[in-house]
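Try each task before you read its solution.

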Amino acid sequence: MHLPAEVQSIITTLHQAGFEAYAVGGCVRDLLLHREPKDWDVTTKARPEEIQKLFPQHFYTNRFGTVTVLTASKHAALAQVEVTTYRIDGNYSDQRHPDEVRFSTTLEEDLARRDFTINAIALDENTVIDPFQGQADLEQGIIRAVGEASERFQEDALRMLRAIRLASQLDYTIAADTLQAIAAGAATIAAVSPERVRDEFLKIVMSDYPEKGFNLLQATGLLPLILPELAEGVGVKQNKHHIYTVFEHNIKSLQFAAQYNYSLSVRLAALLHDVGKPRTRRRRGNDYTFYAHEIVGARMAEKLLQRLRLPREVVQQVTHLVRHHMFYYDVGRVTEAGMRRLLHRVGRENFADLIKVRIAERKGSGVPKAEPYRLRHLQFMAEKVSRQAVTVAQLAVNGTDLIQELHLKPGPQIGGILNALLAEVLDNPVKNERSYLLQRARELITADPETLKALGEKARDEEETKRDETIRRKYHV
């Protein structure tokens, strides 16, 4: 193993000044696993004021003894290296941060306060310090708390989620006593801020093995505490088109999205696409129906993501994908006009992601239907009509044209006319021609703006109604 030059330089400088110093924590774990560390930490016997004297380029803004040393590295992970004094943490009355920090004189005491054995390994130029057998746990693929597991989680409740996140990222098993301690202390997760929960949640979603992570959340009792909407699907059976429960189907769909390395928004949509099924499930004969579960699910997904403080654009995109994931497409039955209406509803910019959600959903059903030709044909149709107008902005005329050519005044009348023109173009794209649309607009001047608006909306609503009815018949929902 070789430490990066920037980290080695910091350790060497501390050694030359008479202080012990080691790389420590996740960076050493990743180095042992031959993974590229995302950040670097150094622990030392030097006090913060001594560290600051040795490294003029730094900043120090916390009470935990951490000095951030700035390097000249162009690598993001090495541009800032956190250098922390050996310490012993006091009580954690808020189950998140120590009430007080006492500086220590030994590395062993510093390592004893850390969360998991695989993160309690230190390394200098020549020596690995591993008092809690973290290397053995790395070799066996085990996440194990340092010392008494319940004490580690009482100190910082977020560590419970961190254990599950690491298991998801590394495909590791959580040691039995550590897993039991998480289940016993699950309720203390309420002390953790939504932002901190969000960060670990997203890391699980973006891991290589998210299905494992969500199964662990469910097994430990954390799932209903942080994601109650998703927990509603636990044990809820579906219809004959699925062999899994709603919860199992959702997390298996996410796992396939991870397998294909899909984006965050697609993974979240795959995880939440059927979250509305438990609230819409109704018995019909020997089967179940889930009428409008995509509508209910979109609302639930929006509330869940907003509660976790995700960016607004992510919330909107995921909600949109959940709302429209039930789109119907059958080769030979859906016309170009229907395809244009589908693109209008979902947006061209969302279409590729919607296809990915559908693929993950199909794979996660347990009885995936072979639809490669249908999906290829759908993409062919989308490309074929992609140059045809599906929004008012894509019409050959706009509001300015109506004002200049027809001498209209700005107001709802213009929006009404444009909506009416779009309804015609959705049915026949050939009509998206400037001279025709201006002539047609002249004929619509005397019509009531609300009537014109309704005309455009009616064309879209009729198509969506037919689509929903077809979906329900086809999928028996």
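A pocket is an open set of grid points with protein on both sides within 12 Å along at least five of seven lines, and its lining residues have an atom within 4 Å of a point. Keep in mind that this model is predicted.

**Exercise 1. The pocket**

Find which residues lie nearest the centre of the largest pocket.

Solution. 
- Step 1: The largest pocket has a volume of about 1,800 Å³.
- Step 2: Its lining counts 45 residues, and D39, D41, E82, R162 and R165 lie nearest the centre.
- Step 3: Sort the lining by class: 23 charged, 12 nonpolar and 10 polar residues.
- Step 4: Look for the main contributor. Helix α8 gives the largest share, 7 residues.

**Exercise 2. The strands**

Work out in which sense β2 pairs with β5, and in which sense with β1.

Solution. 
- Step 1: Take β1 (residues 21-24) and β2 (residues 41-44). They pair in the antiparallel sense over 3 bridges. A21 has T44 as its bridge partner in β2.
- Step 2: Now take β5 (residues 80-85). Its pairing with β2 is parallel, over 4 bridges. D41 has E82 as its bridge partner in β5.
- Step 3: Link back to the pocket. D41 and E82 are among the residues nearest its centre.

**Exercise 3. Two helices**

Decide how α19 and α23 are oriented to each other.

Solution. 
- Step 1: The axes of α19 (residues 336-346) and α23 (residues 412-427) come within 8 Å and cross at roughly 130°.
- Step 2: An angle over 145 degrees would count as roughly antiparallel, and 65 to 115 as roughly perpendicular. The two helices are therefore oblique.
- Step 3: By class, their contact has 5 nonpolar, 1 polar and 3 charged residues.
- Step 4: On the α19 side, A337, R340, R341 and H344 take part; they meet L422, A423, V425, L426 and D427 of α23.

Technical notes: Residues are numbered from 1 along each chain as its sequence is written. This is a predicted model: local features need pLDDT of at least 70, side-chain atom pairs count only at pLDDT 80 or more; totals for chains, interfaces and linings use all residues. Side-chain values use heavy atoms; hydrogens and water are left out. Two strands pair if DSSP finds at least two bridges between them. Axes are lines fitted to C-alpha atoms, for helices over the stretch in contact, and angles run from 0 to 180 degrees between N-to-C directions. Angles under 35 degrees count as roughly parallel, over 145 as roughly antiparallel, 65 to 115 as roughly perpendicular and the rest as oblique. Contact means heavy atoms within 4.5 Å. Ala, Val, Leu, Ile, Met, Phe, Trp, Tyr, Cys and Pro count as nonpolar, Asp, Glu, Lys and Arg as charged, and the others, Gly among them, as polar. On a 1 Å grid over the protein atoms alone, a cavity is a set of points where a 1.4 Å probe fits but cannot get out, and a pocket is an open set with protein on both sides within 12 Å along at least five of seven lines; lining residues have an atom within 4 Å of a point. Grid points are joined across faces, edges and corners, and a volume is the space filled by probe spheres set on the points.
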